[in-house]
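Student: I have a new model open. Can you walk me through how to read it, feature by feature?

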Amino acid sequence: MAASRPLEAPATSPRRDLLVFATLAALILVVFIAQGSAYGTRMMVEAAAYAIIAIGLNVQWGYAGLFNVGLMGFIAAGAFASMFVTYPVNDAFWASEGAGLLGHALLALALAVVVVWLISQSWRIGLPRGLSQALTVVAGAIAYLWVVGVFDPATVAIERDAGFIGGLGLPVFAGWAAAGLVAGIIAWFVGRICLGLPGDYLAIATLGIAQIIKTFLKNADWLTRGTLTVSPLPWPVPGASDIGFLWARGLYLSITAIILLLVYLLMERAYRAPWGRMMRAIRDNEQAAASMGKDVTGRRLEIFIVGCVLVGIGGAILVHFTSIFDPSGFIDLNHSFLIWVMVILGGAGNNRGAIFGAVFVYIVWAMSEPAALGLFHLARDWGQSLFGWQPPVDLDARALQMRVFVIGLTIALVLRYAPSGVLPERRVSGRGR
């Protein structure tokens, strides 16, 4: 059963929304004044990308109560897919022996998948289910060993002759679409296995999948260059060398903001549609929804896929903005925990809350270090001049760690004074559920 999250909060008013976002706009203005336009624009691009990811999580948790703690894996998968689709073609790979060996290895993989699937369906022709499952496990193990043996010569040849396979050289928007597609496919496989089980299994599965994806990408040098990273990734707009640093970032921000707006409008439309009412009915009372003939597992699978598609697209936007794909750069603190904080602080079930939470939390996260460092230096100067105090030599490192403290303090304050979030989910009529 998915985690139940009843509607506890009173309806939010347009005046409250306006006040909250006006306060956020004032905070953004302070950042631009204190840090400059270049830094402020960069921060807003990243915050907008996180907002897309936060809406994806809000769709899963806020609409359906699905506990996805493996966001990092879907972000990394989307980032890789976009990198592979958009990075320039590596002619050395296509001219090497490794290309042919990789083709044979992929055919072997496809054959192995088909054979294992056919064996898993053997119960349909009268074989006992227990025996069918045992044969599937054995066939899967044999197929894995065989496929690994076929892939090894190909990967060795690719790394020796070409470094890695390179990309397809397609436009960036094609890469972002591929990011959503790959994340959605992974979500389909995970959901097919776990969504019919109690909610804890989904959390365990997504956490495990995230670590598997990161480990694979980090160690697949033939595919991702591993820890050597892949760069520079292309932008969907002219770069700094073409139109200037600030203009380039401003255009990237415009593209990201348009995508965020479209995602918000689509998800709001879905929330108010019969589909959205059905999802909330399943979230609030699964047994009642099932008794009325609703396909609970099927609907959860739909919304899990939709949420992961948005997470993958947001991850692709992030990695293209930084222009570097580094599998080691995907960490749970930044790419799972922080996004949960955004949704909880903003208000689960409210897409405006997800956007507010994403921007506010990212500003707090990004500005905590320079703010803390400034306070530390001020304390050092006053302490030395007034009391002869000798400060620690690692003030910079301590300022960096203040981000975690400030985020933790922010969570504690929100849970104390706004347990349903700053912009909690609006109460809606039960009609049509």
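**Reading the fold**

Tutor: Start with contacts along the chain. Of the contacts in the protein with a separation of 6 or more, 83% join residues 24 or more positions apart. Keep in mind that this is a predicted model.

Student: How many helices and strands are there in the protein?

Tutor: The protein has 17 helices and zero strands. Its radius of gyration is 24 Å, close to the 22 Å that the globule rule gives for 433 residues, so the protein is as compact as a globular protein of that length. Along the principal axes, the C-alpha atoms fill a box of roughly 80 × 60 × 45 Å.

Student: What share of the 433 residues is buried?

Tutor: Buried residues make up 47%. The exposed surface comes to about 20,900 Å², and carbon and sulfur atoms supply 69% of that area.

Student: How are the charges placed?

Tutor: Compare mean positions. There are 29 positive and 23 negative charges, and their mean positions are 14 Å apart.

Student: How many disulfides does the structure hold?

Tutor: First, the idea. A disulfide is a covalent bond between the sulfur atoms of two cysteines. This structure holds zero. Take cysteine 194: the closest cysteine sulfur, in cysteine 308, is 12 Å away, too far for a bond. Cysteine 194 is buried, at 9% relative accessibility. Cysteine 308 is buried too, with a relative accessible area of 0%.

Student: What about backbone geometry? Where is there a cis peptide bond?

Tutor: Check omega. The cis bond joins serine 231 and proline 232, with omega about -5 degrees. Proline 232 lies in the loop between H9 (221-224) and H10 (240-243).

Student: What is phi of arginine 225?

Tutor: Phi is near 65 degrees, a positive value in a residue other than glycine. Arginine 225 is in the loop between H9 and H10. At 30% relative accessibility, arginine 225 is partly exposed.

Student: Is serine 323 buried or exposed?

Tutor: Serine 323 is buried, with a relative accessible area of 18%; the cut-off for buried is under 20%. Phi of serine 323 is near 65 degrees. Serine 323 sits in the loop between H14 and H15 (332-346).

Terms used. Residues numbered from 1 in each chain as written. Predicted model: local features only at pLDDT ≥ 70, side-chain atom pairs only at ≥ 80, totals over all residues. Heavy atoms only, no water. Disulfide = S-S within 2.5 Å. Buried < 20%, exposed > 50% of the residue type's maximum accessible area, 1.4 Å probe, protein only. Helix = DSSP H or I, 4+ residues; strand = E, 2+ residues; numbered from the N terminus. Rg over C-alpha atoms; globule rule 2.2 N^0.38 Å. Contact = heavy atoms within 4.5 Å. Areas by Shrake-Rupley, 256 points an atom, 1.4 Å probe, with all protein chains shown as cover. Lys, Arg positive; Asp, Glu negative; His and termini not counted. Charge placed at Lys NZ, Arg CZ, Asp CG, Glu CD.
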